[in-house]
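Reader: I'd like to go through the labels on this one and ask what stands behind each. Can you take me through them?

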Amino acid sequence: MKHTKKPYGLPASYRIKRKKIFDTLFSQGNSIYEYPFKIIYAETELPEPVPYQVAFGVSKKKFKKAVRRNRIKRLMRETFRLKQEFLKPGKPIALLIIYTSSKEESFDFLLMQMEKILSHLTEKLQNHGPA
RNA sequence: AAAGCAGGUCAUCUUGUCGCUCUCCGUAUUCGGAGGGAGGAAAGUCCGGACACCACAGGGCGGCCUAGCGGGUAACACCCGCCCUUCCGGUCAAAUCCGGAAGAGGACUAGUGGCACAGAAACCAGGUACAGUUCGGCUGUAGUGAAAAGGCCAAACUCUAGGCGGUGCAAUGCCAAGUAAACCGGCGUUUGAGGUCGGCCCGGCCGAGCCGGUGGGUAGGCAGCUUGAGGUUGCGGGUAACCGCAAUCCCAGAUAAAUGACAAGACUCGACAGAAUCCGGCUUACAGGCCUGCUUUUCAC
RNA sequence: GGAGAGGUGCCGGAGUGGUAACGGAGCGGAUUGCUAAUCCGUGCACGCGAGAGCGUGUCCAGGGUUCGAAUCCCUGUCUCUCCG
(Lines give C-alpha, C1' and ligand atoms only; values in the text may rest on other atoms or scores of the structure.)
Protein backbone atom coordinates (compact mmCIF):
# COMPACT_ATOMS: atom_id res chain seq x y z
CA MET A 1 0.00 0.00 0.00
CA LYS A 2 2.03 2.80 -1.30
CA HIS A 3 -0.80 5.28 -1.68
CA THR A 4 -4.39 5.42 -0.52
CA LYS A 5 -7.01 8.01 -1.05
CA LYS A 6 -10.70 8.58 -0.76
CA PRO A 7 -12.42 7.21 -3.88
CA TYR A 8 -13.96 10.55 -4.80
CA GLY A 9 -11.26 12.81 -3.44
CA LEU A 10 -8.96 15.02 -5.50
CA PRO A 11 -6.12 16.25 -3.31
CA ALA A 12 -3.36 18.61 -4.36
CA SER A 13 -0.98 15.80 -5.34
CA TYR A 14 -3.32 14.88 -8.21
CA ARG A 15 -3.01 18.29 -9.81
CA ILE A 16 -0.27 19.48 -12.12
CA LYS A 17 2.00 21.98 -10.44
CA ARG A 18 5.02 22.20 -12.68
CA LYS A 19 5.55 24.36 -15.70
CA LYS A 20 7.69 21.60 -17.18
CA ILE A 21 4.73 19.23 -17.39
CA PHE A 22 2.65 21.90 -19.09
CA ASP A 23 5.44 22.41 -21.60
CA THR A 24 5.50 18.69 -22.43
CA LEU A 25 1.74 18.67 -22.78
CA PHE A 26 1.73 21.56 -25.21
CA SER A 27 4.66 20.29 -27.27
CA GLN A 28 4.12 16.48 -27.28
CA GLY A 29 0.57 15.97 -26.04
CA ASN A 30 -2.20 14.21 -27.93
CA SER A 31 -5.75 15.39 -27.69
CA ILE A 32 -9.26 13.98 -27.53
CA TYR A 33 -12.49 15.94 -27.84
CA GLU A 34 -16.01 15.54 -26.55
CA TYR A 35 -18.14 18.69 -26.30
CA PRO A 36 -17.53 20.84 -24.32
CA PHE A 37 -14.25 19.30 -23.19
CA LYS A 38 -10.92 18.89 -24.87
CA ILE A 39 -8.29 16.82 -23.11
CA ILE A 40 -4.63 17.19 -23.89
CA TYR A 41 -2.73 14.24 -22.45
CA ALA A 42 0.77 12.79 -22.39
CA GLU A 43 2.43 9.87 -20.67
CA THR A 44 5.22 11.31 -18.59
CA GLU A 45 6.98 11.03 -15.28
CA LEU A 46 5.19 12.72 -12.39
CA PRO A 47 6.78 14.26 -9.30
CA GLU A 48 4.30 12.47 -7.01
CA PRO A 49 3.53 8.72 -6.70
CA VAL A 50 0.07 9.04 -8.26
CA PRO A 51 -1.43 7.42 -11.40
CA TYR A 52 -2.37 10.75 -12.99
CA GLN A 53 -2.27 14.52 -12.56
CA VAL A 54 -4.89 16.90 -13.90
CA ALA A 55 -5.26 20.60 -14.63
CA PHE A 56 -8.30 22.55 -15.75
CA GLY A 57 -8.38 25.44 -18.17
CA VAL A 58 -10.94 28.04 -19.15
CA SER A 59 -10.19 30.71 -21.74
CA LYS A 60 -10.20 34.32 -20.68
CA LYS A 61 -11.31 35.21 -24.19
CA LYS A 62 -14.48 33.19 -23.79
CA PHE A 63 -15.27 34.12 -20.20
CA LYS A 64 -14.18 37.63 -19.38
CA LYS A 65 -15.36 37.71 -15.78
CA ALA A 66 -13.22 35.93 -13.19
CA VAL A 67 -16.34 34.73 -11.39
CA ARG A 68 -17.56 32.82 -14.43
CA ARG A 69 -14.14 31.24 -15.04
CA ASN A 70 -13.92 30.17 -11.41
CA ARG A 71 -17.41 28.75 -11.59
CA ILE A 72 -16.65 26.65 -14.64
CA LYS A 73 -13.34 25.40 -13.29
CA ARG A 74 -15.11 24.36 -10.11
CA LEU A 75 -17.77 22.50 -12.07
CA MET A 76 -15.08 20.78 -14.13
CA ARG A 77 -13.13 19.77 -11.05
CA GLU A 78 -16.32 18.47 -9.48
CA THR A 79 -17.29 16.37 -12.48
CA PHE A 80 -13.78 14.97 -12.78
CA ARG A 81 -13.74 14.19 -9.08
CA LEU A 82 -16.99 12.21 -9.36
CA LYS A 83 -16.12 10.45 -12.62
CA GLN A 84 -12.40 9.76 -12.18
CA GLU A 85 -13.10 6.01 -11.74
CA PHE A 86 -13.55 5.88 -15.53
CA LEU A 87 -9.93 6.88 -16.06
CA LYS A 88 -7.66 3.84 -15.81
CA PRO A 89 -4.25 4.60 -17.27
CA GLY A 90 -1.53 1.99 -17.50
CA LYS A 91 1.33 4.43 -17.05
CA PRO A 92 1.57 7.75 -15.23
CA ILE A 93 -0.21 10.35 -17.29
CA ALA A 94 -0.73 14.09 -17.24
CA LEU A 95 -3.89 15.62 -18.59
CA LEU A 96 -5.12 19.13 -19.21
CA ILE A 97 -8.87 19.45 -19.50
CA ILE A 98 -9.96 22.53 -21.41
CA TYR A 99 -13.45 23.97 -21.57
CA THR A 100 -14.03 24.84 -25.21
CA SER A 101 -17.58 26.18 -25.21
CA SER A 102 -18.34 29.82 -24.65
CA LYS A 103 -21.48 29.21 -22.62
CA GLU A 104 -22.03 27.58 -19.26
CA GLU A 105 -23.58 24.10 -19.42
CA SER A 106 -25.59 22.38 -16.68
CA PHE A 107 -23.84 20.23 -14.11
CA ASP A 108 -25.74 17.07 -15.14
CA PHE A 109 -24.70 17.51 -18.78
CA LEU A 110 -21.09 18.04 -17.77
CA LEU A 111 -21.16 14.87 -15.64
CA MET A 112 -22.38 12.87 -18.59
CA GLN A 113 -19.83 14.27 -21.02
CA MET A 114 -16.99 13.84 -18.53
CA GLU A 115 -17.85 10.17 -18.16
CA LYS A 116 -17.85 9.79 -21.96
CA ILE A 117 -14.56 11.50 -22.61
CA LEU A 118 -12.75 9.68 -19.78
CA SER A 119 -14.03 6.30 -21.04
CA HIS A 120 -12.86 7.12 -24.56
CA LEU A 121 -9.50 8.17 -23.26
CA THR A 122 -9.07 4.94 -21.28
CA GLU A 123 -10.00 2.93 -24.37
CA LYS A 124 -7.53 4.80 -26.51
CA LEU A 125 -4.73 4.38 -23.97
CA GLN A 126 -5.29 0.63 -23.73
CA ASN A 127 -5.23 0.20 -27.53
CA HIS A 128 -2.09 2.21 -28.20
CA GLY A 129 -0.60 2.17 -24.73
CA PRO A 130 1.69 -0.88 -24.23
CA ALA A 131 3.37 -0.83 -27.60
C1' A B 1 -50.80 55.72 4.61
C1' A B 2 -48.96 56.71 -0.47
C1' A B 3 -45.45 59.08 -3.85
C1' G B 4 -40.78 61.61 -4.69
C1' C B 5 -35.85 63.14 -3.14
C1' A B 6 -31.41 62.70 0.02
C1' G B 7 -28.35 59.86 3.38
C1' G B 8 -27.11 55.31 5.86
C1' U B 9 -27.22 49.96 6.22
C1' C B 10 -27.84 44.63 4.84
C1' A B 11 -26.37 41.62 0.59
C1' U B 12 -31.09 34.81 0.83
C1' C B 13 -31.24 31.58 5.02
C1' U B 14 -31.28 26.44 7.51
C1' U B 15 -29.95 21.10 7.73
C1' G B 16 -27.48 16.73 5.83
C1' U B 17 -23.94 14.00 2.43
C1' C B 18 -19.47 14.25 -0.80
C1' G B 19 -15.08 17.35 -1.76
C1' C B 20 -11.13 21.63 -1.40
C1' U B 21 -7.73 24.98 1.68
C1' C B 22 -5.39 26.80 6.28
C1' U B 23 -4.52 26.39 11.72
C1' C B 24 -4.46 23.38 16.14
C1' C B 25 -4.64 18.42 18.50
C1' G B 26 -4.05 13.02 18.36
C1' U B 27 3.70 9.68 17.40
C1' A B 28 0.91 11.97 11.62
C1' U B 29 2.15 15.03 3.81
C1' U B 30 -1.78 10.32 3.02
C1' C B 31 -6.05 8.59 8.65
C1' G B 32 -9.31 10.96 12.34
C1' G B 33 -11.26 15.15 15.32
C1' A B 34 -12.15 20.52 16.34
C1' G B 35 -12.17 25.42 14.38
C1' G B 36 -11.49 29.46 10.44
C1' G B 37 -12.39 30.15 5.05
C1' A B 38 -14.05 36.45 -0.44
C1' G B 39 -16.54 41.88 -1.25
C1' G B 40 -19.27 46.43 -0.65
C1' A B 41 -17.51 47.09 -4.44
C1' A B 42 -12.58 41.95 -3.59
C1' A B 43 -13.15 45.71 -9.89
C1' G B 44 -10.86 50.08 -12.57
C1' U B 45 -5.59 51.17 -10.92
C1' C B 46 -7.53 57.26 -10.87
C1' C B 47 -5.21 59.61 -6.24
C1' G B 48 -2.94 59.26 -1.16
C1' G B 49 0.10 56.49 2.33
C1' A B 50 2.53 52.28 5.04
C1' C B 51 6.47 48.84 3.91
C1' A B 52 11.06 47.23 1.06
C1' C B 53 15.47 48.27 -1.79
C1' C B 54 18.41 51.98 -4.17
C1' A B 55 23.06 56.43 0.17
C1' C B 56 20.35 58.16 6.64
C1' A B 57 17.76 60.31 -0.62
C1' G B 58 21.72 65.72 -0.78
C1' G B 59 22.02 70.47 -4.39
C1' G B 60 20.56 72.64 -9.27
C1' C B 61 17.96 72.62 -14.02
C1' G B 62 14.00 70.25 -16.29
C1' G B 63 9.32 67.77 -15.47
C1' C B 64 4.63 66.62 -12.99
C1' C B 65 0.59 67.81 -9.65
C1' U B 66 -2.74 71.01 -6.53
C1' A B 67 -5.53 75.93 -6.27
C1' G B 68 -11.57 80.58 -2.26
C1' C B 69 -11.14 80.54 3.45
C1' G B 70 -10.93 77.42 7.75
C1' G B 71 -10.91 72.56 9.81
C1' G B 72 -10.28 66.82 9.77
C1' U B 73 -6.41 63.22 8.67
C1' A B 74 -0.56 59.27 8.53
C1' A B 75 -1.61 61.57 3.81
C1' C B 76 -4.62 63.04 -0.41
C1' A B 77 -7.06 65.35 -6.04
C1' C B 78 -10.78 62.68 -0.21
C1' C B 79 -14.23 64.35 3.84
C1' C B 80 -16.71 68.45 6.89
C1' G B 81 -18.18 73.67 7.73
C1' C B 82 -18.49 78.66 5.80
C1' C B 83 -18.11 82.29 1.73
C1' C B 84 -18.64 83.44 -3.50
C1' U B 85 -20.49 82.53 -8.57
C1' U B 86 -24.08 80.29 -11.84
C1' C B 87 -28.72 77.83 -12.57
C1' C B 88 -33.78 76.13 -11.06
C1' G B 89 -38.29 76.81 -8.08
C1' G B 90 -41.58 80.12 -4.82
C1' U B 91 -44.47 85.86 -4.53
C1' C B 92 -48.10 89.39 -10.83
C1' A B 93 -42.98 91.51 -11.83
C1' A B 94 -37.97 93.38 -10.21
C1' A B 95 -34.63 93.92 -6.01
C1' U B 96 -34.39 91.45 -1.58
C1' C B 97 -35.66 87.08 0.86
C1' C B 98 -36.69 81.64 1.32
C1' G B 99 -35.75 76.53 -0.52
C1' G B 100 -32.77 73.38 -3.68
C1' A B 101 -28.84 71.97 -7.13
C1' A B 102 -24.07 72.51 -9.50
C1' G B 103 -19.00 74.45 -9.53
C1' A B 104 -10.67 72.19 -11.23
C1' G B 105 -13.45 78.70 -7.47
C1' G B 106 -5.59 82.18 -7.33
C1' A B 107 -3.66 85.85 -11.20
C1' C B 108 -4.99 88.11 -18.34
C1' U B 109 -4.19 96.88 -14.20
C1' A B 110 4.20 91.08 -15.13
C1' G B 111 5.03 89.42 -19.93
C1' U B 112 4.16 86.21 -24.50
C1' G B 113 0.34 84.30 -27.53
C1' G B 114 -4.65 83.26 -29.61
C1' C B 115 -9.83 85.09 -30.92
C1' A B 116 -11.65 80.65 -37.37
C1' C B 117 -16.16 82.03 -40.46
C1' A B 118 -18.90 86.45 -40.99
C1' G B 119 -17.77 91.62 -40.91
C1' A B 120 -15.38 98.08 -43.32
C1' A B 121 -12.55 96.84 -39.08
C1' A B 122 -10.75 91.31 -34.35
C1' C B 123 -6.73 93.01 -30.42
C1' C B 124 -0.60 96.74 -33.12
C1' A B 125 -5.96 98.89 -34.02
C1' G B 126 -8.65 100.97 -37.47
C1' G B 127 -12.73 103.65 -38.85
C1' U B 128 -17.81 101.64 -43.35
C1' A B 129 -22.86 103.79 -43.99
C1' C B 130 -26.55 107.19 -42.09
C1' A B 131 -28.00 111.07 -38.77
C1' G B 132 -26.93 114.92 -35.28
C1' U B 133 -23.42 118.45 -33.95
C1' U B 134 -21.39 123.12 -29.14
C1' C B 135 -17.39 121.75 -35.78
C1' G B 136 -13.71 118.65 -31.18
C1' G B 137 -12.49 112.84 -35.93
C1' C B 138 -17.33 114.71 -30.95
C1' U B 139 -21.95 111.80 -30.20
C1' G B 140 -25.67 108.32 -31.57
C1' U B 141 -27.62 104.53 -34.68
C1' A B 142 -27.15 100.60 -38.33
C1' G B 143 -24.71 96.04 -39.59
C1' U B 144 -21.39 91.18 -38.64
C1' G B 145 -20.21 88.25 -34.66
C1' A B 146 -19.38 84.57 -28.84
C1' A B 147 -16.91 89.32 -28.37
C1' A B 148 -16.55 95.99 -31.68
C1' A B 149 -12.21 98.92 -27.80
C1' G B 150 -12.57 97.22 -23.34
C1' G B 151 -13.17 92.54 -23.56
C1' C B 152 -12.70 86.91 -23.66
C1' C B 153 -9.27 82.51 -23.23
C1' A B 154 -4.60 80.27 -18.12
C1' A B 155 -8.67 72.02 -18.69
C1' A B 156 -3.03 78.54 -23.92
C1' C B 157 2.33 79.33 -22.60
C1' U B 158 3.15 81.63 -18.15
C1' C B 159 3.24 84.02 -13.11
C1' U B 160 2.09 83.42 -7.71
C1' A B 161 1.65 80.03 -3.46
C1' G B 162 2.38 75.03 -2.01
C1' G B 163 3.77 69.86 -2.82
C1' C B 164 6.53 65.70 -5.29
C1' G B 165 13.75 61.60 -5.35
C1' G B 166 13.09 56.67 -8.10
C1' U B 167 11.29 51.78 -8.29
C1' G B 168 7.65 48.52 -6.86
C1' C B 169 5.90 42.32 -2.93
C1' A B 170 7.34 39.62 -10.16
C1' A B 171 10.08 44.98 -4.14
C1' U B 172 13.48 42.51 -0.91
C1' G B 173 16.24 38.77 2.28
C1' C B 174 17.69 33.63 3.03
C1' C B 175 18.18 28.20 1.98
C1' A B 176 18.62 24.00 -1.34
C1' A B 177 19.70 21.82 -6.11
C1' G B 178 22.26 22.19 -10.67
C1' U B 179 25.33 23.98 -15.26
C1' A B 180 30.39 25.80 -17.84
C1' A B 181 35.49 29.09 -13.50
C1' A B 182 32.56 27.68 -21.51
C1' C B 183 33.78 30.38 -26.23
C1' C B 184 34.18 35.21 -29.27
C1' G B 185 34.48 40.74 -29.34
C1' G B 186 34.93 45.54 -26.66
C1' C B 187 36.12 48.80 -22.22
C1' G B 188 38.78 49.08 -17.48
C1' U B 189 41.86 48.20 -12.42
C1' U B 190 43.69 54.70 -8.52
C1' U B 191 45.46 58.38 -15.20
C1' G B 192 38.78 54.68 -12.28
C1' A B 193 35.33 50.68 -16.45
C1' G B 194 30.90 50.44 -14.24
C1' G B 195 27.01 51.03 -10.41
C1' U B 196 23.92 54.51 -7.48
C1' C B 197 17.06 51.48 -12.27
C1' G B 198 13.09 57.89 -13.10
C1' G B 199 15.60 62.92 -18.11
C1' C B 200 20.43 65.91 -17.52
C1' C B 201 24.38 68.09 -14.53
C1' C B 202 26.97 68.52 -9.79
C1' G B 203 28.46 66.58 -5.19
C1' G B 204 28.96 62.23 -2.31
C1' C B 205 29.35 56.89 -1.82
C1' C B 206 30.52 51.87 -3.58
C1' G B 207 34.13 49.96 -6.74
C1' A B 208 37.43 45.29 -9.80
C1' G B 209 35.28 43.94 -12.74
C1' C B 210 31.65 45.46 -16.53
C1' C B 211 29.02 45.44 -21.50
C1' G B 212 27.40 42.82 -26.14
C1' G B 213 26.93 38.10 -28.80
C1' U B 214 26.96 32.44 -29.22
C1' G B 215 25.78 28.34 -26.29
C1' G B 216 24.01 25.93 -21.66
C1' G B 217 21.57 25.19 -16.50
C1' U B 218 17.56 26.24 -12.91
C1' A B 219 12.78 28.35 -12.41
C1' G B 220 12.01 24.36 -6.02
C1' G B 221 11.39 25.86 -0.71
C1' C B 222 11.18 29.50 3.48
C1' A B 223 10.57 34.49 5.13
C1' G B 224 7.99 39.06 3.47
C1' C B 225 2.15 37.25 4.56
C1' U B 226 -1.35 39.25 7.56
C1' U B 227 -2.60 42.24 14.72
C1' G B 228 -4.04 46.41 11.61
C1' A B 229 -3.97 54.51 10.81
C1' G B 230 -8.18 46.92 12.97
C1' G B 231 -13.54 45.57 14.31
C1' U B 232 -17.67 45.89 18.04
C1' U B 233 -19.98 48.24 22.34
C1' G B 234 -20.27 52.20 25.90
C1' C B 235 -19.01 57.12 27.72
C1' G B 236 -17.12 62.06 26.67
C1' G B 237 -15.68 66.43 23.24
C1' G B 238 -17.00 68.89 18.48
C1' U B 239 -22.30 72.33 14.20
C1' A B 240 -19.80 68.40 11.39
C1' A B 241 -15.85 65.50 9.13
C1' C B 242 -13.56 63.38 13.20
C1' C B 243 -11.02 62.77 17.88
C1' G B 244 -10.11 60.88 23.07
C1' C B 245 -10.84 57.11 26.92
C1' A B 246 -12.48 52.26 28.67
C1' A B 247 -13.99 47.27 27.90
C1' U B 248 -13.98 43.34 24.59
C1' C B 249 -12.88 40.35 20.04
C1' C B 250 -9.00 37.81 16.53
C1' C B 251 -12.20 37.79 11.60
C1' A B 252 -9.04 34.25 4.38
C1' G B 253 -3.81 33.83 3.56
C1' A B 254 -3.73 30.46 -1.53
C1' U B 255 0.96 29.92 -5.04
C1' A B 256 -1.31 26.08 -12.10
C1' A B 257 -3.46 29.20 -7.04
C1' A B 258 -8.72 26.86 -1.61
C1' U B 259 -15.14 28.55 -0.40
C1' G B 260 -17.83 24.07 -4.79
C1' A B 261 -21.52 19.98 -5.97
C1' C B 262 -25.88 17.27 -4.68
C1' A B 263 -30.49 16.54 -1.74
C1' A B 264 -34.45 18.60 1.30
C1' G B 265 -37.03 22.83 3.34
C1' A B 266 -38.41 28.23 4.05
C1' C B 267 -39.41 33.10 2.14
C1' U B 268 -40.01 38.81 0.07
C1' C B 269 -37.42 33.61 -5.26
C1' G B 270 -31.85 35.96 -4.46
C1' A B 271 -28.43 41.74 -8.30
C1' C B 272 -23.41 43.19 -9.42
C1' A B 273 -19.65 40.13 -8.84
C1' G B 274 -14.18 36.28 -6.63
C1' A B 275 -8.99 38.06 -2.12
C1' A B 276 -3.11 37.68 -4.16
C1' U B 277 1.68 42.88 0.47
C1' C B 278 -1.62 45.91 3.46
C1' C B 279 -4.52 50.33 4.59
C1' G B 280 -7.46 55.53 3.49
C1' G B 281 -10.31 57.66 -0.52
C1' C B 282 -12.42 58.35 -5.48
C1' U B 283 -14.86 56.21 -9.69
C1' U B 284 -17.63 52.49 -12.08
C1' A B 285 -21.33 47.87 -11.84
C1' C B 286 -25.70 46.36 -8.99
C1' A B 287 -32.12 42.65 -7.63
C1' G B 288 -34.31 43.78 -3.53
C1' G B 289 -35.08 44.54 1.94
C1' C B 290 -34.67 47.74 6.26
C1' C B 291 -33.79 52.50 8.97
C1' U B 292 -33.60 58.00 9.30
C1' G B 293 -34.76 62.99 7.51
C1' C B 294 -37.38 66.46 4.23
C1' U B 295 -41.42 67.81 0.70
C1' U B 296 -46.40 67.02 -1.36
C1' U B 297 -51.31 64.69 -1.21
C1' U B 298 -55.26 61.98 1.32
C1' C B 299 -57.67 60.11 5.81
C1' A B 300 -58.55 60.09 11.31
C1' C B 301 -58.35 62.75 16.07
C1' G C 1 -0.37 41.03 -9.20
C1' G C 2 2.35 45.45 -11.04
C1' A C 3 3.99 49.06 -14.93
C1' G C 4 3.01 51.37 -19.66
C1' A C 5 1.02 52.40 -24.96
C1' G C 6 -3.00 53.02 -28.12
C1' G C 7 -8.35 53.21 -30.50
C1' U C 8 -9.64 58.26 -36.92
C1' G C 9 -14.27 55.44 -43.13
C1' C C 10 -14.10 48.35 -45.32
C1' C C 11 -8.28 48.16 -44.48
C1' G C 12 -3.60 50.89 -43.61
C1' G C 13 -2.51 55.76 -41.86
C1' A C 14 -1.59 61.67 -41.08
C1' G C 15 -3.75 65.55 -38.45
C1' U C 16 -2.52 67.60 -31.37
C1' G C 17 -7.94 74.27 -30.68
C1' G C 18 -11.00 76.83 -36.38
C1' U C 19 -13.62 73.10 -43.61
C1' A C 20 -11.22 65.26 -41.34
C1' A C 21 -4.94 64.74 -45.55
C1' C C 22 -2.97 60.53 -48.38
C1' G C 23 -2.72 55.29 -50.20
C1' G C 24 -5.36 50.59 -51.09
C1' A C 25 -10.11 48.03 -51.60
C1' G C 26 -15.22 48.63 -53.16
C1' C C 27 -18.80 51.35 -56.28
C1' G C 28 -19.97 54.54 -60.73
C1' G C 29 -18.13 56.50 -65.39
C1' A C 30 -14.43 56.89 -69.60
C1' U C 31 -11.21 53.83 -72.76
C1' U C 32 -11.78 48.34 -75.17
C1' G C 33 -14.90 43.64 -79.46
C1' C C 34 -14.30 41.77 -73.94
C1' U C 35 -10.90 41.84 -69.75
C1' A C 36 -6.49 43.62 -67.28
C1' A C 37 -3.82 48.11 -66.89
C1' U C 38 -4.69 53.44 -67.13
C1' C C 39 -7.62 58.07 -66.32
C1' C C 40 -11.85 60.75 -63.73
C1' G C 41 -15.38 60.84 -59.63
C1' U C 42 -16.85 58.82 -54.79
C1' G C 43 -15.72 58.64 -46.63
C1' C C 44 -19.98 56.67 -43.79
C1' A C 45 -25.06 57.03 -41.43
C1' C C 46 -29.85 59.37 -41.28
C1' G C 47 -33.45 62.80 -43.41
C1' C C 48 -35.39 65.69 -47.73
C1' G C 49 -35.58 65.59 -53.19
C1' A C 50 -37.84 62.88 -59.66
C1' G C 51 -32.72 64.14 -60.11
C1' A C 52 -28.24 67.23 -59.89
C1' G C 53 -27.83 67.95 -55.01
C1' C C 54 -28.91 69.89 -49.96
C1' G C 55 -29.21 69.53 -44.52
C1' U C 56 -27.81 67.17 -39.90
C1' G C 57 -24.73 63.87 -37.38
C1' U C 58 -19.97 61.27 -37.29
C1' C C 59 -12.58 60.65 -35.24
C1' C C 60 -14.15 53.97 -29.16
C1' A C 61 -18.55 55.78 -25.58
C1' G C 62 -20.35 59.58 -22.09
C1' G C 63 -19.60 64.26 -19.67
C1' G C 64 -16.81 68.99 -18.86
C1' U C 65 -13.72 73.64 -20.32
C1' U C 66 -14.24 76.99 -24.69
C1' C C 67 -17.71 81.35 -29.11
C1' G C 68 -15.79 76.67 -31.19
C1' A C 69 -12.97 69.97 -29.37
C1' A C 70 -10.63 64.24 -33.37
C1' U C 71 -7.28 67.73 -30.68
C1' C C 72 -7.35 70.12 -23.80
C1' C C 73 -9.47 67.80 -18.92
C1' C C 74 -12.35 63.81 -16.31
C1' U C 75 -14.98 58.96 -16.29
C1' G C 76 -15.90 54.35 -18.64
C1' U C 77 -14.82 50.57 -22.40
C1' C C 78 -11.85 47.63 -25.74
C1' U C 79 -7.02 46.16 -27.80
C1' C C 80 -1.75 45.56 -27.36
C1' U C 81 3.23 45.50 -24.94
C1' C C 82 6.69 44.89 -20.83
C1' C C 83 8.15 43.09 -15.63
C1' G C 84 10.70 36.54 -11.82
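Reader: Which residues form one aromatic cluster?

Author: Y14, Y52, F56 and F80 do. Before we go on: this is a predicted model, where local features need pLDDT of at least 70, side-chain atom pairs count only at pLDDT 80 or more, and totals for chains, interfaces and linings use all residues. Residues are numbered from 1 along each chain as its sequence is written, chains are lettered from A and ligands numbered from 1 in the order in which they are written, and side-chain values use heavy atoms, with hydrogens and water left out.

Reader: What makes Y35 and F109 an aromatic pair, and why is the pair called tilted?

Author: Rings of Phe, Tyr and Trp (its six-membered ring) pair if their centres lie within 6.5 Å; planes under 30 degrees apart are stacked, over 60 edge-to-face, and the rest tilted. Y35 and F109 sit 6.1 Å centre to centre with 55° between the planes, so they pair and count as tilted. Y35 is in the loop between β1 and β2 and F109 in helix α3, 74 residues apart. (Helices, H or I of at least four residues, and strands, E of at least two, are DSSP runs numbered from the N terminus.)

Reader: Why is Y35 called partly exposed?

Author: Buried means under 20% relative accessible area, exposed over 50%, and partly exposed in between (1.4 Å probe, protein chains only). Y35 has 29%, so it falls in between.

Reader: And why is R69 called buried?

Author: Its relative accessible area is 17%, so R69 is under the 20% limit. R69 lies in helix α2 and touches V58, S59, K60, F63 and K64, not counting residues up to four places away in sequence; contact here means heavy atoms within 4.5 Å.

Reader: What makes the E78 approach to RNA strand B a polar contact?

Author: A polar contact is a pair of N or O atoms within 3.5 Å; within protein, one must be able to donate a hydrogen and the other to accept it, and residues adjacent in sequence count only if both atoms are side-chain atoms. A polar side-chain atom of E78 lies 3.0 Å from a base nitrogen of RNA strand B, so the distance is within the limit.
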